[in-house]
Amino acid sequence: MPERSGGRIPVAKEYQDVSAFNKDTEKVFAGEDTGMYQRYDYKELAADEKEFAKMIGVPDSALFNSGMAAIHTAIEVEGLEPQDVVLCSQEIYGVTKDYVNSLKKRGIRVQYFDPSDIQELKKIVQTRKPRLILAETVANSKEMKMVDLSAYAEIIGNASERYKNEFSPEKVLREQLQVFLKLKGIDKNPTTELVQEISTAIDSFKHGDPKALMPAIKKIEEELGITPRGEVSRWLLNRVQMIGLTARRDISLILDNTLPSPVLINPVEHLGAVNTNMTVVESGTKHFQDGKNAITMGIVYSKDQDRVKKAKNLRIQAGSYLQSTSEAEISHDIIDTMPEKMKKHSENALKLARILEEKGLTVYHPNLDSHPQHKLANEMAPNGAVTLFYVDIPEDISDRDEFMDKVKKAGGENIGLGSSFGHKKTWLSNFSLGDRTIRIAVGMESPEEFGKVVNAFEKAINN
């Protein structure tokens, strides 16, 4: 990670002419000094982004001031339009779900699905023809459902090929124009150039240019000999709505990879050629801070560098970049230490999950044999796919909160109570969970420290 001077970055001097930024975005995204506001450039942030990108195996990444800023921006980068269909996992962060639901106000259609049911997803993609699929690699919810990345890649690849062959805007427009000509008794075939010009005009019209259709209307009348005037304009206005309902662009995938991080599961490595249509988002508040939990942070990355550039452009508009004071909190050696510490997190979590299951608790961890997707989890991350898991306490333990207090009392400073995760020590949470469910976010304890954690649970269970 970059060296910092005194832990703070001096605020860039006021810059009046932002046209310089628009002319030379390459300098900004490379972290070169342009003399603009920090939201346009500062070298330390750009250097961090390149380092994280190198660790992940992508051309670039973008850091945000929160995980929600990252996922909000990743969705906006897709340029969703009215009539587009978004498939969203039922098992997704509640605030993300709220934002996805808000898309309906823009005429975007939303449908929820079970991320672990591949056959259901195939059927929905076949019938609804979505523009975007949104899911968590491993869901941060009780059942901890996983995304089968290989199966998703196949579904997305097949859907994109089908869109191109059957539902491209130009193909749909040509077919509808041919029907219109047949009804008018005109025996002519529209040229490729004419179809492309009409398609471009419709696209401009949908994006706010009210006069964009006029040249296309005139061209249709001239080339195809349609009279009287007015029929073409009425037909074309109707096509704007119909093409939105019928035509399709490439399908994209946005994955929230917060739980495993790219260390335990790296979606970029699993999706093959399809990964250029994928954006990954994570809450860096959790695992990118060496267990400190000192700042909120989000990260966006993709094999498609253009997606990351678009995310950075939107970040400039919203001012949602990671502030310099927050950037200074990132450990200098995080790139070197994060892989080993994440592995320690996941190994401890899997060990504790197995111990508690043997003690009679109902445990939800994707790598356990009792989990419906354990084969997938062990293929993708054999040493543990996550750093946290969920348990249902046995019926003979009368009170969940009392049980948590007993674990805390037995573990002392080795156990924390709180709803976050990614800490150095193990934390327990009952936030928004059922009456008998606990989330256990396991720390990166040494064998000796981990023994104390296990002992604390054993004492609470035995008592």
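The protein is built from 20 helices and 12 strands, and the coordinates discussed here are those of a predicted model. Its C-alpha trace spans about 90 × 55 × 35 Å along the principal axes, and 53% of the 463 residues count as buried.

**Largest pocket**

- The largest pocket has a volume of about 790 Å³, and of the 34 residues that line this pocket, Tyr-93, Gly-94, Asn-140, Phe-421 and Arg-439 are the closest to its centre.
- Two or more residues of this lining come from each of the elements α4 (67–77), α5 (94–102), β6 (278–283) and α14.
- Divided by class, the lining of the largest pocket holds 11 nonpolar, 15 polar and 8 charged residues.

**Second largest pocket and Glu-81**

- The second largest pocket has a volume of about 290 Å³, and Glu-81, Pro-169, Lys-206, Ile-243 and Arg-249 are the closest to its centre among the 17 residues that line it.
- Helices α8 (169–183), α9 (192–206) and α11 (231–246) each supply at least two residues of the lining of the second largest pocket, and the largest share, 5 residues, comes from α9.
- By class, the lining of the second largest pocket consists of 6 nonpolar, 4 polar and 7 charged residues.
- Glu-81, one of the residues closest to the centre of the second largest pocket, has its place in the loop between α4 and β2 (85–89).
- The relative accessible area of Glu-81 is 11%, and therefore this residue is classed as buried, since the cut-off for that class is under 20%.
- When residues up to four places away in sequence are not counted, Glu-81 touches Ile-108, Asp-203, Lys-206, His-207 and Arg-249; Lys-206 and Arg-249 are also listed, together with Glu-81, among the residues closest to the centre of the second largest pocket.

**Cavities**

- The structure holds 2 cavities of 30 Å³ or more, and about 60 Å³ of space lies in the second largest cavity.
- The second largest cavity is lined by His-287, Asp-290, Gly-291, Ile-334, Met-338, Lys-341, Met-342, His-345, Gly-422 and Met-444, a set that divides by class into 4 nonpolar, 4 polar and 2 charged residues.
- Helix α17 (residues 334–358) gives the most to the lining of the second largest cavity, contributing 5 residues.

**Gln-289**

- Gln-289 is found in the loop that runs between α14 (284–287) and β7 (298–302), and because its relative accessibility is 1%, Gln-289 counts as buried.
- The side chain of Gln-289 reaches the backbone oxygen of Gly-284 at a distance of 3.4 Å.
- With its neighbours within four places in sequence left aside, Gln-289 is in contact with Gly-284, Ala-294, Ile-295 and Ile-334, and Ile-334 is also one of the residues that line the second largest cavity.

**Helix α3**

- Helix α3 (residues 43–56) has 14 residues, which should span 20 Å at 1.5 Å a residue, and the end C-alpha atoms of this helix are 20 Å apart, so the two values agree.
- The buried residues of α3 are Glu-44, Leu-45, Ala-46, Asp-48, Glu-49, Phe-52, Ala-53 and Ile-56.
- Just after α3, Gly-57 takes a positive phi of about 95 degrees.

**Helix α15**

- Helix α15 (residues 305–318) has 14 residues and reaches 20 Å from its first C-alpha to its last, close to the 20 Å expected at 1.5 Å a residue.
- The N-terminal end of α15 is capped by Asp-304, a side-chain oxygen of which lies 3.0 Å from the backbone nitrogen of Asp-306.
- Within α15, the residues Arg-307, Val-308, Ala-311, Lys-312, Arg-315 and Ile-316 are buried.
- Gly-319, which follows α15, has a positive phi near 70 degrees.

Notes. Residues are numbered from 1 along each chain as its sequence is written. This is a predicted model: local features need pLDDT of at least 70, side-chain atom pairs count only at pLDDT 80 or more; totals for chains, interfaces and linings use all residues. Side-chain values use heavy atoms; hydrogens and water are left out. Helices (H or I, at least four residues) and strands (E, at least two) are DSSP runs, numbered from the N terminus. Buried means under 20% relative accessible area, exposed over 50%, partly exposed in between (1.4 Å probe, protein chains only). A polar contact is a pair of N or O atoms within 3.5 Å; within protein, one must be able to donate a hydrogen and the other to accept it, and residues adjacent in sequence count only if both atoms are side-chain atoms. Contact means heavy atoms within 4.5 Å. On a 1 Å grid over the protein atoms alone, a cavity is a set of points where a 1.4 Å probe fits but cannot get out, and a pocket is an open set with protein on both sides within 12 Å along at least five of seven lines; lining residues have an atom within 4 Å of a point. Grid points are joined across faces, edges and corners, and a volume is the space filled by probe spheres set on the points. Ala, Val, Leu, Ile, Met, Phe, Trp, Tyr, Cys and Pro count as nonpolar, Asp, Glu, Lys and Arg as charged, and the others, Gly among them, as polar. The expected span of a helix is 1.5 Å times one less than its number of residues.
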